[in-house]
Amino acid sequence: MKQTLEIIARRRSLRRYDPTPLSVEEKNAILDAARSAPTAGNMMLYTILEITDQAIKDRLAVTCDNQPFIATAPLVLIFLADYQRWWDTWVIGKAEERARALGLNPRRPEEGDLVLAACDALIAAQNAVIAAESLGIGSCYIGDILENYETHCELLNLPPYAAPICMLCFGRPPADEPQRRQQPRLPREAVVQQNRYRRIQPEDVDALYQAHTERYYPDGNYPLQAENYGQVLYLRKFTADFSREMSRSVRAMLARWREGEPG
Ligand SMILES: Cc1cc2nc3c(=O)[nH]c(=O)nc-3n(C[C@H](O)[C@H](O)[C@H](O)COP(=O)(O)O)c2cc1C
């Protein structure tokens, strides 16, 4: 128990990797930990796409907001929200026809199914992260796999009901990787509330971001001509081109998911 908590507390995102490949045993341990994760209705609404082709890794390093370290990771996994497996199973097994014969309304995967499958995919991914960490293997999520939906569909041969939700890079830390402190987190009281949601008030803001401000801007000089920490995040992340592309791309993902396959 203590060991698990220590592993969770010790984890940091790792963006530099020793080039040595992971052993088959290590890889299988990580993949089996992912497969053991809780899953809605025990349906396993995800597929884990292991990217072994260096040319695809190189391309992902560009399409995922130009992050070259992706191409250097010994293990790259993409977690897809996947209803395609069930949908194909139902088509093969004539489930729609059976439902009609029983007087029931057939339906296709909808928005709720996508969100549930995304939950499944992310929970499996986080199991993989913790399993890897326990083996001394670091990892980093790549949220930018949500961008460039059409390009990723082409690159990865994705049908409509298999949508990329997150990507993970894995590898051992290189020998010269410095010991890093944990990134600051918001205070427990801010993140954990009781019973009914409480919105922050103007007087809460300074305490909320104090740890971040002290760590990143101890002299009070904010970048991007921002006047406070909230403005930094708004200017650097929220209004950045990658955020706008992510929203466009997810809209395209949702539209294709809603539309399904022709016929
Ligand atoms: C959904 C998600 C998407 C992320 N996307 C990226 C990414 O594209 N590139 C990157 O370098 N780090 C990415 N990260 C890692 C975060 O930057 C990192 O978790 C955060 O800064 C906290 O640092 P820590 O993981 O070392 O505690 C992502 C993390 C999550 C959970």
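The shell around the ligand holds four nonpolar, four polar and three charged residues. Here Ala, Val, Leu, Ile, Met, Phe, Trp, Tyr, Cys and Pro count as nonpolar, Asp, Glu, Lys and Arg as charged, and the others, Gly among them, as polar. The model is a predicted one, in which local features need pLDDT of at least 70, side-chain atom pairs count only at pLDDT 80 or more, and totals for chains, interfaces and linings use all residues. Residue numbers start from 1 along each chain as its sequence is written.

Which residues are around the ligand? They are Arg12, Ser13, Arg15, Gln67, Cys140, Tyr141, Ile142, Gly143, Asp144, Cys166 and Gln183. A residue belongs here if its C-beta atom, placed from the backbone, lies within 6 Å of the molecule. Strand S3 (residues 138–142) gives the largest share of this shell, three residues. Strands (E, at least two residues) and helices (H or I, at least four) are DSSP runs, numbered from the N terminus.

Now turn to a helix pair. Two packed helices are described by the angle between their axes and the distance between the axes. Helix H2 (residues 24–35) and helix H6 (residues 111–134) have axes that come within 7 Å and cross at roughly 140°. The axes are lines fitted to C-alpha atoms, for helices over the stretch in contact, and angles run from 0 to 180 degrees between N-to-C directions. The H2 and H6 crossing is right-handed.

H2 brings Ala29, Ile30, Ala33 and Ala34 to the contact, and H6 brings Ala124, Ala125, Asn127, Ala128, Ala131 and Ala132. Contact means C-beta atoms, placed from the backbone, within 7 Å. Nine of these residues are nonpolar, one is polar and none is charged.

The loop between helix H3 (54–63) and strand S2 (75–82) contains Asp65. Asn66 is in the loop between H3 and S2 too. Phi of Asp65 is near 60°, a positive value in a residue other than glycine. Phi of Asn66 is also positive, near 50°.

Are these residues buried or exposed? Asp65 counts as partly exposed because it has 19 C-beta neighbours inside 10 Å. Asn66 has 10, so it counts as exposed. The cut-offs are 20 or more other C-beta atoms within 10 Å for buried, 12 or fewer for exposed, and partly exposed in between, with C-beta atoms placed from the backbone.

Val192 sits in the loop between helix H8 (188–191) and helix H9 (205–208). Val192 is exposed, because it has 8 C-beta neighbours inside 10 Å. From Val192 to Ala33 is 159 residues in sequence and 28 Å in space, C-alpha to C-alpha.

Conventions:
A crossing is left-handed if the near helix is turned anticlockwise from the far one by less than a right angle, and right-handed if clockwise. Two residues are in contact if their C-beta atoms, placed from the backbone, lie within 7 Å.
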